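Dear colleague,

I am handing over the structure below, together with some notes on what was found in it. Please read the notes alongside the coordinates and the sequence.

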Amino acid sequence: MFVYHAWLYSLPVVAASQRDSVGDDLLHELRLGLVLFFVLSGFLLYRPWVRAVREQRARPSTSRYAARRVARILPAYWLALVGAIVLLWGRDASPGVRLPATSDLWMFAVFAQNFTDRTLLKLDPPMWTLTVEVSFYVVLPLLGWLAARSGRRVGVWLVPVAFGAGGILFNWWMAARGDAPLFVSKILPAAAPYFALGMLAAVVLGDRRVGRGTMSALVAAGTALVVADSAWALWNAHANNSTAFDLKVWRDTLAAAGFAAIVAAIAGAARPPSSLVSRPIVWTGQVSYGLYLWHVPILCVLRSEGMLPSSPLLAALVALPPTLFVSGLSWRWLERPVTEWVRRRQTARGRGAQPGRGLDGSSPPSPPGAVVGGSEAEPAWVDARA
């Protein structure tokens, strides 16, 4: 997504619909990174519920899960909001800067900016995806409870299938209506199929280990689905049919299926590719949440000051160092201390919990090269928001 936005904010007119070359077409399709993030969240965060149902043990502690989500998301988010206001306020004449009314700033603090066109895609536009993710975080314990209540073999399947089908029906209703406001396409029901496919991948994978041949086949098949989705979208764009009914209904579900296959293949690999557990990738994964929060305000400031090249590649190279610097500071001095403090408190409380009550959120031993962040041990290559 960083490269996608470097391309977008280096355009003469900051508009994703402006595609004048093959390079523009290819860079535009990097937009699918947000689909990957949603799929990854569904996969990682549903796995503890799948494991609890299959092993017939206590469900993950909702309070423990909520505390970790709050610690991981809120402090860095609020800091980035303040940073965006400081960096961008008064720069509304600069291309790409879209500021909300002062009276509406409170909506960003409580993740409400997606629920009205007045604030949608304003201030720090990529944050709209975080509002969708937080909505998923809120409903996930209910989905996990329903899976457990529905039966050991069937529930873990039925819940994501129903959740995804509900999202498809919602998008069908939105496309059929034709005059739905833009914000309706940026809320959880519209993105439900992405999360649902990640959840289904968690069910299919279970605790299996995937051999190298199977991993390669799944990655190849998943990549083919992602490419096919991009090709379909590009074909419609060049046919001046970007608002086609089918596109609005399925909304990159094909790419989400491809990403689900890729995520499951790599997460289940007995030996993940060494490149994904290398130190640079691990560190990038750690600071990726800060990079997500800060990169667009920094791109906007650089452009406002005339320091952002018109070449997408050069724009990315210029914006990357300051973005990584700020992201690293956010991780080192805010994100890591807060999450470690919450984890220590939960561990201390867990030692006094009665066996079998699930208050310690127990899970199998972490695989090599894992960093603990959400409700279970996560591979080092995953996006930090998950």
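A polar contact here is a pair of N or O atoms within 3.5 Å, where within protein one atom must be able to donate a hydrogen and the other to accept it, and where residues adjacent in sequence count only if both atoms are side-chain atoms. By that criterion, the side chain of His 238 makes a polar contact with the side chain of Asp 25, at 2.7 Å; the two residues are 213 apart along the chain, and their C-alpha atoms are separated by 9.8 Å.

This is a predicted model, in which local features need pLDDT of at least 70 and side-chain atom pairs count only at pLDDT 80 or more, while totals for chains, interfaces and linings use all residues. Residues are numbered from 1 along each chain as its sequence is written, and side-chain values use heavy atoms, with hydrogens and water left out.

His 238 lies in helix H9, residues 212-238 (helices are DSSP runs of H or I with at least four residues, numbered from the N terminus). With a relative accessibility of 55%, His 238 counts as exposed (buried means under 20% relative accessible area, exposed over 50%, and partly exposed in between, with a 1.4 Å probe and protein chains only).

Ser 330, found in helix H13, is by contrast buried, at 4% relative accessible area. Its side chain makes a polar contact of 2.5 Å with the side chain of Glu 335. Neighbours within four places in sequence aside, Ser 330 is in contact with Ala 76 and Glu 335 (contact means heavy atoms within 4.5 Å).

Helix H1, residues 2-10, is largely enclosed by the rest of the structure, because eight of its nine residues are buried; among them are Phe 2, Tyr 4, Trp 7 and Tyr 9. These buried residues pack against helices H2 (22-28), H12 (279-304) and H13 (312-351).

The largest nonpolar core has 89 residues, of which Phe 43, Tyr 46, Tyr 77, Leu 130, Phe 136, Phe 163 and Leu 293 touch the most other members (such a core is a set of buried Ala, Val, Leu, Ile, Met, Phe, Trp, Tyr and Cys residues joined through side-chain atoms within 4.5 Å). Helix H3, residues 33-54, contributes the largest share of this core, with 12 residues. Apart from it lies another core of five residues, including Phe 170, Val 184, Ile 187 and Ala 190.

Finally, Trp 145 lies in helix H6, residues 127-150, and is partly exposed, with a relative accessible area of 36%.

With best regards

Notes: Helices (H or I, at least four residues) and strands (E, at least two) are DSSP runs, numbered from the N terminus.
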